[in-house]
Amino acid sequence: MIDAFKPYEEGLKRLLEALGRNHQQYLKALGYEASLRDNIENARLYNDNEILRSERNRILTYLNALALDTINKSFNELCHSNQQPPEQEIPTSLPTHIFDRAHEYITQVQSSVEKALDIFIDRHILPFQCERMSSLFQHCSSLISTEEIEKLPLTDATRTSFVRMLQAVIHEVQSLQKLLQDFEPVCQEPAGQKLKRQIYKKLNELHRYMQEKEFINTFSSSNGR
């Protein structure tokens, strides 16, 4: 049976390879890739429908514009092209210094999340506890930057997948920091209860996500250690 969505996946692969990770539009292309892949997955799982087709056409319009602006080819051409973009000599392993810092980052995020969850079980949270939690996550964020992760030149699918998972954790930790900063001045007031529930929910989601993905083991295997 012919897979009608396979050309789109081929087009995404060719577009990202043609751009390269250092291109200023690469992250935007990644965002469109995630949206299109999510749309395709839903169409495959639940059958295609008018809503999915309309959303897909919108994403394809953005991808066509981006491709024309950057590589002078439409996304439609990439989807049906038999020519592969030129291969680039790109290292497929994580640089050692990045691996070490990212490993430490993940370990400390896990520890910080568990400590914060223990604190949020209590009915009342004191200001010094808020400050301590903020400091824990601030220290985590000082270990590795989003910019470093975005610039990693990886071609291996397993490593690339892990790097994207790591980016997701970094984003969630940054969101947590913002919530904790907002929560700190009102942590003992009724106004803080809504924020408290938001933070507790995000902590649980992050903890569950990291457990499901088995980050430490995945990181070790992705780097061949």
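The sulfur of Cys-130 lies 3.3 Å from its closest cysteine sulfur, in Cys-187, which is too far for a bond. A disulfide is a pair of cysteine sulfur atoms within 2.5 Å. Zero disulfides turn up in a search of the whole structure. Cys-130 is buried, at 1% relative accessible area. Buried means under 20% relative accessible area, exposed over 50%, and partly exposed in between, with a 1.4 Å probe and protein chains only. Cys-140 is buried too, at 0%.

This model is predicted: local features need pLDDT of at least 70, side-chain atom pairs count only at pLDDT 80 or more, and totals for chains, interfaces and linings use all residues. Residues are numbered from 1 along each chain as its sequence is written, and side-chain values use heavy atoms, without hydrogens or water.

Now the fold. The chain has 10 helices and zero strands. These are DSSP runs numbered from the N terminus: helices are H or I, at least four residues, and strands are E, at least two. Of the 225 residues in the chain, 39% are buried.

Next, the interior. Nonpolar side chains tend to be buried together in soluble globular proteins. A nonpolar core is a set of buried Ala, Val, Leu, Ile, Met, Phe, Trp, Tyr and Cys residues joined through side-chain atoms within 4.5 Å. The largest one here has 36 residues, and Tyr-105, Val-109 and Leu-203 have the most contacts inside it. Helices α5 (96-121), α6 (127-141), α8 (157-183) and α9 (192-213) each give two or more residues to this core. The largest share, 11 residues, comes from α8.

Take Tyr-105. Beyond its neighbours within four places in sequence, its contacts (heavy atoms within 4.5 Å) include Cys-140, Leu-166 and Val-173. A second, separate core has 21 residues, among them Leu-16 and Tyr-32.
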